[in-house]
Amino acid sequence: MVALLLRRRISASSVSSTLVNDKVELCHLPWKLRLGSLFGYCSISRPAANIDFTDLTCPHTWYPSARRKKRNVYLHVGPTNSGKTYNALKRLESCSSGIYCGPLRLLAWEVAKRLNKAKVPCDLITGQERETVDGAQHKSVTVEMADVTSDYKCAVVDEIQMLGCKTRGFSFTRALLGLAADELHLCGDPAAVPLIEEILKVTGDTIKIQHYERLSPLVPLKVPLGSFSNIRTGDCIVTFSRQKIYNMKKEIESGEKHLCSVVYGSLPPVTRTRQATMFNDANSEFDVLVASDAIGMGLNLNISRIVFSTLQKFDGFEMRNLTVSEIKQIAGRAGRYGSKFPVGKVTCLDADDLPLLHSSLKSPSPIIEQAGLFPSFDLLYMYSCQHPKRGLYHILEHFADNSKLSAKYFIANCDKMLKVAAVLDELPMKLHDKYLFCIRYHLIVVFAFFFCQIHPSL
Ligand SMILES: Nc1ncnc2c1ncn2[C@@H]1O[C@H](COP(=O)(O)OP(=O)(O)OP(=O)(O)O)[C@@H](O)[C@H]1O
């Protein structure tokens, strides 16, 4: 049953797109290895035993299509709500082909909708859906789905500062190094600029930096919300689990003054749009929003005041304070330019959280020192040729423990991938399918959790 579900899941359209990508990448490895028929595994000649595939010190060489170009890289940097993405998307819209890579499925969905509405046919590709449009030369994708072998006139990577994220950063690094676009637009926090400049020193690209200022003011309040009885129309309560979202919605609605829309990352796009539309519509009774930090990434909603229910979240590994950058991102949703609230306000539910909120909003985000990196399938595959009896779990573990990196990079935290790999190794799947499944584990983590429940040994 489990195997069947997994096989169905893996054969879904989302997996197929990068199969081709990896074939091409493999042909152009730095070691100039030509491996013949790449995915008819048995016919591949084995790479020399003495090559160290865990040497990840030159990741820019993994992307020959991008290296053949001299890319014009535009860095759009500034605070939230300053028009960075707006300007990059305008450029994307005016080019004859392009790709938008966003950190969230919701954002990819919003951009595809926007381009299609502007009569620029655009496909939507995320880990969960693939919606193709006739004649489309544009794609809007979640960053993990970025295709690094096609040629584009223009590419946009949103929230580029996420290249420093422990778990997902490697996908942003891959997009940064690998997108084969004449123009590459990177939108995000100025904290990422020195690292991006350093990383791109070896690619031959030219870099132009454009600084932005916030388009409308954001005021941190001195008074906490205190109680849900003080909720007002236009408020957005931010919390960090789906269960808490629904508990808070229930509590606020029990006061019988407000109705709440909800927005969180895993909500199906259609439902999420309905919820956001109800909240944005001045005539709707749904005048309060309860949302997860998914709203922190570039979404445009009619929010007057952000109220943090807490400044701590469980990040999949530990309970921790929100970072300066996360607090700014989320707070920045209040008073969006062009919304009906010209001034944004931000506060916390509890007074104890106010000092951290205020100090974070005043501080610059700490400079990002390192970008996430993860070996491409090519490297894992060639390593597996040297060690044919090893399953994906042991291959990943080997790379996690032994990879050699330059000072600009860190190896992605792959604890969750290892758990998923251990399950996949029990199934009759090709290494490549297992790899893709693991790389996108964050999109199927619920599945993984389900399997772990019925495989208590994991
Ligand atoms: N020149 C403009 N004309 C009209 N609307 C604009 C303009 N610039 C920005 N906006 C609008 O302002 C809002 C914020 O812009 P945008 O999303 O580009 O900001 P951002 O800097 O990327 O923000 P964040 O980092 O918070 O995602 C959006 O609703 C956008 O459509």
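Predicted model: local features only at pLDDT ≥ 70, side-chain atom pairs only at ≥ 80, totals over all residues.
Y435 touches F377, L380 and L392, leaving out residues up to four places away in sequence. Y435 belongs to helix α15, which covers residues 431-439. Because Y435 has 25 C-beta neighbours inside 10 Å, and 20 or more are needed, the residue counts as buried.

The protein has 458 residues, of which 45% are buried. Its secondary structure consists of 16 helices and 18 strands. Among the contacts with a separation of 6 or more, 76% are between residues 24 or more positions apart.

Strand β3, residues 122-125, pairs with β4 in the antiparallel sense over 2 bridges, and a hairpin joins the two strands through 4 residues. On the β4 side, I125 has R130 as its bridge partner. In β5, the bridge partner of I125 is V141. The pairing of β3 with β5 is parallel and comprises 4 bridges.

The next strand to consider is β2. It runs parallel to β5, to which 5 bridges join it, and it also runs parallel to β6, with 4 bridges between them. How far is β2 enclosed by the rest of the structure? Of its 5 residues, 5 are buried, so β2 is largely enclosed. In a regular strand, side chains alternate between the two faces of the sheet. In β2, G98, Y100 and G102 point one way, while I99 and C101 point the other way, and all are buried.

In soluble globular proteins, nonpolar side chains tend to be buried together. The largest nonpolar core here has 123 residues, and those with the most contacts inside it are V157, L179, A291 and I306. Helix α5 gives the most to this core, with 7 residues. A291 is in contact with C236, V238, V262, V263 and Y264, when its neighbours within four places in sequence are left aside.

A pair of helices provides another example of packing. The axes of α10 (residues 324-331) and α11 (residues 354-362) come within 9 Å and cross at roughly 90°. Angles of 65 to 115 degrees count as roughly perpendicular, and α10 and α11 are therefore described in that way. From α10, the contact involves V324, I327, K328 and A331, and from α11 it involves L357, S360 and L361. These residues divide into 5 nonpolar, 1 polar and 1 charged.

The last stop is A191, in the loop between β7 and α7 (193-199). Is A191 buried or partly exposed? It has 18 C-beta neighbours inside 10 Å, and therefore counts as partly exposed. Residues up to four places away in sequence aside, A191 touches Q161, S325, P364, S365, P366, I367 and I368. One of these, P366, is 175 residues from A191 along the chain, yet the C-alpha atoms of the two are separated by 6.2 Å.

Conventions
Residues numbered from 1 in each chain as written. Pairing = 2+ DSSP bridges. Buried ≥ 20, exposed ≤ 12 C-beta atoms within 10 Å, placed from the backbone. Contact = placed C-beta atoms within 7 Å. Core = buried A, V, L, I, M, F, W, Y, C linked by C-beta atoms within 7 Å. Axes fitted to C-alpha atoms, helices over the stretch in contact; angles between N-to-C directions. Parallel < 35°, antiparallel > 145°, perpendicular 65-115°, else oblique. Nonpolar A, V, L, I, M, F, W, Y, C, P; charged D, E, K, R; others polar.
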